[in-house]
Amino acid sequence: PMVPTTVQGMKELVEANDDTKTDLTTEFAKREKISIGEDLIAGVRVSRVSSTRTASEHADHLFVHVHGGGFIAGAGLAGTAEAVVLASFLKMPILSVDYRMAPDFPAPAGMDDIIAVWSGIVKTRPAAATVPGGTSAGGTLTLVATLRMKELGLPLPAALFVGSPAVDLAKRGDMRFINDGIDHTLVNWGKVEYPVALYVGDKSYEDPYISPIFGE
């Protein structure tokens, strides 16, 4: 009942949630001595997130972070929340992509931004020492971006981190029905159905760049 059903209502909810997440992220980063710096790669805004205690074995590694947020939330500092946690625990340099999101920028804008950043990165560093990844929508976008990398013949990453990605953006498949309202970890599908529809726009839910389960 709390899920907005209008674009304006969704934007207001996202803005409020992002403001809260920004405050929490800033506080955690300060406590953990994590620096967050803004940058631009291929015209796409990114955040460089790094710990003052970078592990020696990760000095030449880079984690390209793709934030979650239902394809509509996590702009700016709010989107670096997971990146800050990763930098704290992995002691690895993180680059977080502030990709365009619905409803103003439906698919494939987010994927295109990730590909632009990846293309810029692999011009100056080895893909074999670089890992993209994220959780939820970030996991899904990591997978679709990797499919696109393959199609474009770009250097592929050393590995992928995909945390609970929605590999099929339609509500189908037994587990999505069986777990809906029962699984206390994953979000109820009814809460993301409208944001997902805004993200998909006029694309097909069977498009592998929307639902990567249909890709190779």
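Student: What percentage of the 216 residues of the protein chain count as buried?

Tutor: In this predicted model, local features need pLDDT of at least 70, side-chain atom pairs count only at pLDDT 80 or more, and totals for chains, interfaces and linings use all residues. Numbering starts from 1 along each chain as its sequence is written, and side-chain values use heavy atoms, without hydrogens and water.

Of the 216 residues of the protein chain, 43% count as buried (under 20% relative accessible area; exposed is over 50%, partly exposed in between; 1.4 Å probe, protein chains only). Six helices and six strands make up its elements (DSSP runs: H or I of at least four residues, E of at least two, numbered from the N terminus). Along the sequence they follow the pattern α-β-β-β-α-β-α-β-α-β-α-α. The C-alpha atoms fill a box of roughly 45 × 40 × 30 Å along the principal axes.

Most residues other than glycine have a negative phi, and most peptide bonds are trans. The loop between β4 (94–97) and α3 (109–121) holds Pro-103, which a cis peptide bond with omega about 5° joins to Ala-102. Pro-108 lies in the loop between β4 and α3 as well, and the bond from Ala-107 to Pro-108 is also cis, with omega near 10°.

Phe-71, in the loop between β3 (62–66) and α2 (81–90), has a positive phi of about 70° although it is not a glycine. Phe-71 counts as buried because its relative accessibility is 4%. Lys-91, in the loop between α2 and β4, likewise has a positive phi, of about 55°, without being a glycine. At 21% relative accessibility, Lys-91 therefore counts as partly exposed.
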